[in-house]
2 protein chains.
Amino acid sequence: MRVLILGGDGYLGWPTAMNLTASGHEVAVADNYLRRRLAQEEDVEPLFSPPNLFRRVELWREISGHSIKPYIGDLCDWSVMETIFRTFRPEAVVHYAEQPSAPYSMLNRRAASLTLSNNLGVTSNLIFAVREFAPEAHIVKLGSMGEYGTPNIDIEEGWIDIRRNGREDRFLYPRQAGSLYHTTKIMDTDLLWFYVRMWDLRVTDLMQGPVYGIVTRETEENEDLLPFYFYDEIFGTVLNRFVVQAVAGHPLTVYGRGEQTRGYLNIVDTLDCVRLSLENPADRGQLRVFNQFTETFSVNELASRVVRAGKALGLNVGVTPVSNPRKEKEEHYYNPKHSHLLELGLKPHLLTDEVVTGMMQRVLRHRHAIRHKAIIRGVKWA
Amino acid sequence: MRVLILGGDGYLGWPTAMNLTASGHEVAVADNYLRRRLAQEEDVEPLFSPPNLFRRVELWREISGHSIKPYIGDLCDWSVMETIFRTFRPEAVVHYAEQPSAPYSMLNRRAASLTLSNNLGVTSNLIFAVREFAPEAHIVKLGSMGEYGTPNIDIEEGWIDIRRNGREDRFLYPRQAGSLYHTTKIMDTDLLWFYVRMWDLRVTDLMQGPVYGIVTRETEENEDLLPFYFYDEIFGTVLNRFVVQAVAGHPLTVYGRGEQTRGYLNIVDTLDCVRLSLENPADRGQLRVFNQFTETFSVNELASRVVRAGKALGLNVGVTPVSNPRKEKEEHYYNPKHSHLLELGLKPHLLTDEVVTGMMQRVLRHRHAIRHKAIIRGVKWA
């Protein structure tokens, strides 16, 4: 299958590209290095700097024999999207090409405006490109469990049947997110669902929880194939940040009461979820929604896992609750369903102590590169 | 109260401005003449051409003694929004400044992209301007009944309580619209609801049905004070279009089976709804949603009203169903609640035969200006 990956330079985009070629698919990646630029602007660059896409494509070909076609350009620019579709003619598209940070989206007006226009601009151009050049192509869109927020009822898998006064209808499960970034994901869903109904697009919306980890099957050979490892408050995900904090001797930054609970998954499982979705595509006119996580944890639970794993490595890890910079419920009901990807064959890689220890050992190799001032930046929600 | 009207050149914006000054409020209007420009580009200009905002402001002062402050500029441009807020310092803002046509939003990629970026760009800038310069200001946002679509259960007034497995929560009523334009209104709601929760904004979202009519209390004196009367397929609302078709001897263009049912209101009631909302503002941290219409009709019912009123004026009005260019249910359940504005004191002006006849008499004066080729443009949804 010819698969185009939008956002192919990213934390998930690049490992997905390698993984899909290793599974026999033909892959192109597109990116404008937006995340690299924003991280540089905010002085929160990753733990190590992956080579640019051209160089990683070369390296991956040397190591694996598989080719990946790189396109560099801004996908909000229609002429860029059009050229890629005309030349690569994708049969499926994985859409990661968004400003992906909640704190970044809350930083200031400029960051909010960039998040809104970039994320919706790419999604809109993608929809029109599929309509015009590849109407049969399957769009696999990375959504977020954060779109649902923390409602007081069970979180269904994308859809909800509502019965009322003897009548019934099925709706998108109500969404109310905790950041502007997550709100742009809700808007993506609004947009895709509209055009699925109008133009019979095929769409799978992967409502993904926070991802942790760094090493995937394809990156074991060479560190230059690893994706970004962000450990700062803006672009890092929570477990990745805690692991770096533990290694750096910085107390773990638990926000508020720490009972915020979310669904998490290992980066290895992200790749499997995306591949399973691609290999079992949505029908024409179908918006399929999968809740993409394998386990739920509170922030306190994550912190205690990191403390325990640190102890095994002889690290003395402390925990210092910090005043919550976000506006969110610190204690709440949380019961999200997640059966669809398991039914497609996902075999979860759960968060064992070995996994945390493995992440710590990897980070220990780069201990000298950790910059303490990146750990807390103080981006406040209100 | 100092009220800023965004989109003050429009069909509803300008009559709202006059009406609010007549009620003793201090008013500024902002517009970039986008609608005029789009209508010119698509060759669907209104039945008569209202003078520009400066001239209408002068005329209204001569007639009424009331001042209105005009600002001309693109509200997607932060510097324009900022200047208006710094100089006028509004206590309330009425937000009409959107590309308001469903068919226009379905015309082509460029029109879709303009609708998406204009509508969300203005809403986003408005939110940031209120946050920065007028945190107490009440935002009255024109939404649309079209955001709800035509669900198979009763349409509540903005919110829905969902009970499930012994637990309960309150959500925005699920929205699924029938055009990209209406989908951008859903996204506006997503955005406003997010920032209401984060920054305690005061917002009233008016879910308005299609408006009909042209004359308001303030425009009886002088035709140059009338707003746009669009009768084309792109910018005209259905009853206004049918009235022109009747006068022009064109068979009424009922789409498909004509059982599409919506909630309608007279332009005079729009002004009252907006004024009642302003004078009874939302609280800090409250998103209030009012369903803004007074009666529901099917398209067939509207057509038969126009046929009957035409007969009274000696016009022989025909009805020719046309193949539906839209993708929508032509027969459906429709039971939307609408009590909040009545509770605030709205006294509806219902659609009597006299109202239709009055509209026809007004249009008859401009009969010579009707251009038949504007009546059907053939904008298809899919």
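Analyst: A polar contact is a pair of N or O atoms within 3.5 Å; within protein, one must be able to donate a hydrogen and the other to accept it. By that rule, 22 residue pairs are in polar contact between chain A and chain B. Keep in mind that this is a predicted model.

User: Which elements of chain A supply at least two residues each to the side that touches chain B?

Analyst: They are α6 (109–133), β6 (159–164), β7 (167–172) and α7 (180–199). The largest share comes from α7(A), with 12 residues. By type, that side of chain A divides into 26 nonpolar, 8 polar and 14 charged residues.

User: What makes A:Asp200 and B:Lys327 a salt bridge?

Analyst: The cut-off is 4 Å between a side-chain nitrogen of Lys or Arg and a carboxyl oxygen of Asp or Glu. Here the N to O distance is 3.9 Å. The pair is therefore within the limit. Across the interface of chain A and chain B, the rule finds 4 salt bridges.

User: Why is the relation between chain A and chain B called a two-fold axis?

Analyst: Chain A can be laid on chain B by a turn of 180°, with a shift of 0.0 Å along the axis and an RMSD of 0.0 Å. That is the relation of a two-fold axis. Of the residues of chain A, A:Met187 comes closest to the rotation axis, at 2.8 Å (C-alpha). The same surface serves both copies, as 100% of the contact residues of chain A recur in chain B.

User: Why is A:Arg275 called buried, but A:Glu279 partly exposed?

Analyst: Buried means under 20% relative accessible area, and exposed means over 50%. A:Arg275 has 16%, so the residue counts as buried. A:Glu279 has 38%, which lies in between, so the label is partly exposed.

User: How far apart are A:Glu279 and A:Arg275 in their salt bridge?

Analyst: Their closest N and O atoms are 4.0 Å apart. The two residues are 4 residues apart in helix α9 (residues 267–279) of chain A, which means about one helical turn.

How values were computed:
Residues are numbered from 1 along each chain as its sequence is written. Chains are lettered from A and ligands numbered from 1 in the order in which they are written. This is a predicted model: local features need pLDDT of at least 70, side-chain atom pairs count only at pLDDT 80 or more; totals for chains, interfaces and linings use all residues. Side-chain values use heavy atoms; hydrogens and water are left out. A polar contact is a pair of N or O atoms within 3.5 Å; within protein, one must be able to donate a hydrogen and the other to accept it, and residues adjacent in sequence count only if both atoms are side-chain atoms. Ala, Val, Leu, Ile, Met, Phe, Trp, Tyr, Cys and Pro count as nonpolar, Asp, Glu, Lys and Arg as charged, and the others, Gly among them, as polar. Copies are superposed by least squares on the C-alpha atoms of residues with pLDDT of at least 70 in both. Contact means heavy atoms within 4.5 Å. Buried means under 20% relative accessible area, exposed over 50%, partly exposed in between (1.4 Å probe, protein chains only).
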